[in-house]
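Try each one before reading its solution.

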Amino acid sequence: MPVIQVSVWEGISPDNKKKAAEGITKVFEDMGIPKDAITVIIYEAPKSNWSTGGQLHSERHANR
(Lines give C-alpha, C1' and ligand atoms only; values in the text may rest on other atoms or scores of the structure.)
Protein backbone atom coordinates (compact mmCIF):
# COMPACT_ATOMS: atom_id res chain seq x y z
CA MET A 1 0.00 0.00 0.00
CA PRO A 2 1.11 3.63 -0.16
CA VAL A 3 4.32 4.84 1.40
CA ILE A 4 4.47 8.63 1.43
CA GLN A 5 7.87 10.24 1.90
CA VAL A 6 8.10 13.85 3.05
CA SER A 7 11.35 15.81 3.19
CA VAL A 8 11.58 18.84 5.48
CA TRP A 9 14.24 21.02 7.03
CA GLU A 10 15.40 19.69 10.36
CA GLY A 11 13.83 21.16 13.45
CA ILE A 12 10.15 20.46 12.85
CA SER A 13 8.47 19.88 16.21
CA PRO A 14 7.11 16.43 17.04
CA ASP A 15 3.63 17.97 17.29
CA ASN A 16 3.87 19.37 13.76
CA LYS A 17 5.19 16.05 12.44
CA LYS A 18 2.18 14.35 14.00
CA LYS A 19 -0.19 16.88 12.42
CA ALA A 20 1.44 16.38 9.02
CA ALA A 21 1.26 12.59 9.27
CA GLU A 22 -2.39 12.71 10.35
CA GLY A 23 -3.33 15.11 7.54
CA ILE A 24 -1.52 13.15 4.85
CA THR A 25 -3.07 9.92 6.11
CA LYS A 26 -6.53 11.49 5.94
CA VAL A 27 -6.06 12.42 2.29
CA PHE A 28 -5.38 8.79 1.42
CA GLU A 29 -8.17 7.52 3.68
CA ASP A 30 -10.56 9.81 1.79
CA MET A 31 -9.46 7.98 -1.37
CA GLY A 32 -10.67 4.72 0.18
CA ILE A 33 -7.36 3.34 1.43
CA PRO A 34 -7.49 1.74 4.90
CA LYS A 35 -5.70 3.81 7.54
CA ASP A 36 -3.54 0.88 8.65
CA ALA A 37 -2.23 0.46 5.10
CA ILE A 38 -0.81 4.01 4.88
CA THR A 39 2.78 4.72 5.87
CA VAL A 40 4.20 8.24 6.15
CA ILE A 41 7.97 8.68 6.47
CA ILE A 42 9.32 12.12 7.39
CA TYR A 43 12.93 12.81 6.48
CA GLU A 44 14.69 15.79 8.04
CA ALA A 45 17.71 17.42 6.45
CA PRO A 46 19.75 20.46 7.44
CA LYS A 47 19.27 23.58 5.32
CA SER A 48 22.91 23.23 4.27
CA ASN A 49 21.92 20.08 2.34
CA TRP A 50 19.15 21.83 0.35
CA SER A 51 19.46 24.35 -2.46
CA THR A 52 17.18 26.19 -4.84
CA GLY A 53 18.47 28.04 -7.84
CA GLY A 54 22.02 27.08 -6.89
CA GLN A 55 21.82 28.80 -3.51
CA LEU A 56 22.00 26.80 -0.29
CA HIS A 57 18.99 27.26 1.94
CA SER A 58 21.33 27.79 4.89
CA GLU A 59 22.35 31.04 3.13
CA ARG A 60 19.01 31.84 1.54
CA HIS A 61 17.10 31.50 4.82
CA ALA A 62 19.85 32.39 7.28
CA ASN A 63 17.44 34.19 9.59
CA ARG A 64 14.98 31.29 9.97
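Predicted model: local features only at pLDDT ≥ 70, side-chain atom pairs only at ≥ 80, totals over all residues.

Residues are numbered from 1 along each chain as its sequence is written, and side-chain values use heavy atoms, with hydrogens and water left out.

**Exercise 1.** Find which elements have the lowest and the highest mean pLDDT.

*Solution.* Recall that pLDDT is the predictor's confidence in each residue, from 0 to 100. The protein has a mean of 95, and 100% of its residues reach 70 or more.

**Exercise 2.** Work out the handedness of the unit made by S1, H1 and S2.

*Solution.* Start with the strands: S1 (residues 3–9) and S2 (residues 39–45) pair in the parallel sense over 7 bridges (pairing takes at least two DSSP bridges). Val 3, for instance, has Thr 39 as its bridge partner in S2. Next, take helix H1, residues 14–30. Together, S1, H1 and S2 form a right-handed β-α-β unit: with the strands pointing away from the viewer, the path from the first strand over the helix to the second runs clockwise.

**Exercise 3.** Classify the aromatic pair of Trp 9 and Trp 50.

*Solution.* First check the distance: the centres are 6.5 Å apart, and pairing requires centres within 6.5 Å. Then check the angle: 75° between the planes makes the pair edge-to-face (over 60 degrees; under 30 is stacked, the rest tilted). Finally, locate the partners: Trp 9 lies in S1 and Trp 50 in the loop between S2 and strand S3 (51–52), 41 residues apart.

Note on methods:
Helix = DSSP H or I, 4+ residues; strand = E, 2+ residues; numbered from the N terminus. Expected span 1.5 Å × (residues − 1). Phe/Tyr/Trp six-rings, centres within 6.5 Å; stacked < 30°, edge-to-face > 60°.
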